[in-house]
Amino acid sequence: MKRRAFTIIEVLISIIILAITLAGGASIYFYLSALTAQATHKDIAVQLANSKMEEYKRIDCDALVQGAIYPPDIMIGNISFHQTVTIGDDLDPNSSICYRSVIVQVTWTDPSNGIDVIVDLTTYM
């Protein structure tokens, strides 16, 4: 009577195939996890820049003074977001209408690769 069973070689080949599949899946997981973290950090920076821009939109243009302003850094988790607001000179000083550029820049260092990342928002008011 013949017994139908798996040989040790078949079992080893199955384990090797399973290990290769799991290793590939794990690398994809970690890669996508890093991309998600980068996208989250960029989203936070855009929200911070937009919030700061809205603050300056509520200020009368004549009250804005040309130059750079450095609000305090904002720490979220283990990442420090640095903000810079740059107010341009009146674009048309001969006009009775005040017209200035406002640039809000948020920078942070990406913890996964140590590269500085910058988000800029520009408006004219």
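Predicted model: local features only at pLDDT ≥ 70, side-chain atom pairs only at ≥ 80, totals over all residues.
## Overall fold

The protein chain contains one helix and five strands, arranged along the sequence as α-β-β-β-β-β. Its radius of gyration is 27 Å, well over the 14 Å that the globule rule gives for 125 residues, so the chain is more spread out than a compact globule. Along the principal axes, the C-alpha atoms fill a box of roughly 105 × 25 × 20 Å.

Of the 125 residues, 24% are buried. The accessible surface comes to about 9,100 Å², and carbon and sulfur atoms contribute 61% of that area. Among contacts with a separation of 6 or more, 43% join residues 24 or more positions apart.

## Helix α1

Helix α1 covers residues 8–57. Its 50 residues should span 74 Å at 1.5 Å a residue, and the end C-alpha atoms are 73 Å apart, which agrees.

The buried residues of α1 are His-41, Ile-44, Ala-45, Leu-48, Ala-49, Lys-52, Met-53 and Tyr-56. They pack against β1 (67–69), β2 (74–76), β3 (79–87), β4 (101–109) and β5 (116–124).

## Thr-84 in strand β3

Thr-84 lies in strand β3. Its relative accessibility is 11%, so Thr-84 counts as buried, the cut-off being under 20%. The side chain of Thr-84 makes a polar contact with that of His-82, at 3.4 Å.

Setting aside neighbours within four places in sequence, Thr-84 is in contact with Ile-69, Tyr-70 and Pro-71, and also with Ile-103, Val-104 and Gln-105.

## Salt bridges

Three salt bridges are found in the whole structure. In one of them, Lys-52 pairs with Glu-55, with the closest N and O atoms 3.4 Å apart. These two residues are three apart in helix α1 and are therefore separated by about one helical turn. Lys-52 is buried at 14% relative accessible area, whereas Glu-55 is partly exposed at 36%. Another salt bridge joins Glu-54 to Lys-57, where the closest N and O atoms are 3.5 Å apart. Glu-54 and Lys-57 also lie in helix α1, three residues apart, about one turn of the helix. Glu-54 is partly exposed, with a relative accessible area of 33%, and Lys-57 is partly exposed at 44%.

Arg-100 forms a salt bridge with Asp-89, the closest N and O atoms being 4.0 Å apart. Both residues are in the loop between β3 and β4, eleven residues apart. Arg-100 counts as buried at 12% relative accessibility, while Asp-89 is partly exposed at 44%.

How values were computed: Residues numbered from 1 in each chain as written. Heavy atoms only, no water. Helix = DSSP H or I, 4+ residues; strand = E, 2+ residues; numbered from the N terminus. Expected span 1.5 Å × (residues − 1). Buried < 20%, exposed > 50% of the residue type's maximum accessible area, 1.4 Å probe, protein only. Contact = heavy atoms within 4.5 Å. Polar contact = N/O pair within 3.5 Å; in protein donor to acceptor, adjacent residues only side chain to side chain. Rg over C-alpha atoms; globule rule 2.2 N^0.38 Å. Areas by Shrake-Rupley, 256 points an atom, 1.4 Å probe, with all protein chains shown as cover. Salt bridge = Lys/Arg side-chain N within 4 Å of Asp/Glu carboxyl O.
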